[in-house]
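Please read it with the sequence and the structure side by side.

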Amino acid sequence: MVKIGNDWDQLLKDEWEKPYYKALRSFLIEEYKNDTVYPPADEIFTALKLTPYEDVKVVILGQDPYHEPGQAEGLAFSVAPGIPLPPSLVNIFKELEDDTGIKAGVSGSLRPWAEKGVLLLNTVLTVRAHQADSHKGRGWEQLTDRIIELLAERERPMVFVLWGAKAIAKKDLIERASRRPRHLIITAPHPSPLSAYRGFFGGRYFSRCNYFLQDNEMQPIDWRLG
């Protein structure tokens with residue numbers, strides 16, 4: 001039984017008993033036993049632990065965790081303190097500064113965002129070392145699709161930030177699950193160096209999130225990481 005420690009436990013309790021999750025769990029037990037897998041097992045659900053369902057204001061969707069040593073800490077796009085910034089995160093921080101004037105600093109950990117209501121959710125929550133997408137298609141997508149549905153069903157509005165084709169593919173899921181159009185969905189190219197200059201830069205994602213939250217009588221996100 002997975003223990004998150006907040007309202008996600010009740011919302012997801014049925015998922016842990018479904019055949020797909022039991023198969024995923026068996027697969028992960030063998031993977032962690034026989035290979036190097038990221039993030040550490042006790043950090044797989046960090047995004048849900050740090051950002052309770054009722055506290056979510058912004059969702060930023062990633063793909064699978066970083067797959068090099070020490071990087072992944074259970075939050076999309078985030079790396080543990082002291083780890084060099086991956087290129088995608090460098091570009092996110094550049095856009096943050098251009099948009100808001102906030103300088104991100106030297107740490108690539110986005111935990112302060114998660115603690116302020118930004119759910120940093122990867123659609124696949126584990127990965128084998130040095131092998132991107134190695135845990136794709138094992139069941140994580142079914143769980144994270146359910147998480148996205150639950151968020152979209154919530155009455156209080158939020159912002160979904162979808163960077164890149166894989167994240168943008170979740171737009172239909174969000175729109176189907178929402179009872180009426182009330183959430184803001186922002187789409188753009190991925191911040192990786194391969195695509196960032198095709199439309200990622202200049203998207204003003206951080207200020208647009210805050211304008212939407214303020215328009216809906218919610219406190220804006222303080223995007224500072226210090």
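## Helix packing and aromatic pairs

Helix 4 and helix 9 are oblique to each other, a class that takes the angles left over when those under 35 degrees count as roughly parallel, over 145 as roughly antiparallel and 65 to 115 as roughly perpendicular. The axes of helix 4 (residues 87-100) and helix 9 (residues 205-215) cross at roughly 55° and come within 7 Å; helices here are DSSP runs of H or I with at least four residues, and strands are E runs of at least two, numbered from the N terminus. Axes are lines fitted to C-alpha atoms over the stretch in contact, with angles from 0 to 180 degrees between N-to-C directions. Contact (heavy atoms within 4.5 Å) is made by I92, E95, L96, D99 and T100 of helix 4 with Y205, F206 and S207 of helix 9.

This is a predicted model, in which local features need pLDDT of at least 70 and side-chain atom pairs count only at pLDDT 80 or more, while totals for chains, interfaces and linings use all residues. Residues are numbered from 1 along each chain as its sequence is written, and side-chain values use heavy atoms, with hydrogens and water left out.

The largest nonpolar core has 73 residues, and W8, F45, W113, W140, L151, F160 and W163 are those with the most contacts inside it. Such a core is a set of buried Ala, Val, Leu, Ile, Met, Phe, Trp, Tyr and Cys residues joined through side-chain atoms within 4.5 Å, where buried means under 20% relative accessible area (1.4 Å probe, protein chains only). Helix 6 (residues 140-153) gives the most to this core, with seven residues.

Aromatic rings of Phe, Tyr and Trp (its six-membered ring) pair if their centres lie within 6.5 Å, and planes over 60 degrees apart count as edge-to-face, under 30 as stacked and the rest as tilted.

| Pair | Centre to centre | Angle between planes | Class |
|---|---|---|---|
| F45 and W140 | 5.8 Å | 70° | edge-to-face |
| W113 and W223 | 5.0 Å | 85° | edge-to-face |

F45 lies in the loop between strand 1 (37-38) and helix 3 (46-50) and W140 in helix 6, so their pair ties together parts 95 residues apart in sequence. F45 counts as buried at 9% relative accessibility, as does W140 at 0%.

Conventions:
Buried means under 20% relative accessible area, exposed over 50%, partly exposed in between (1.4 Å probe, protein chains only).
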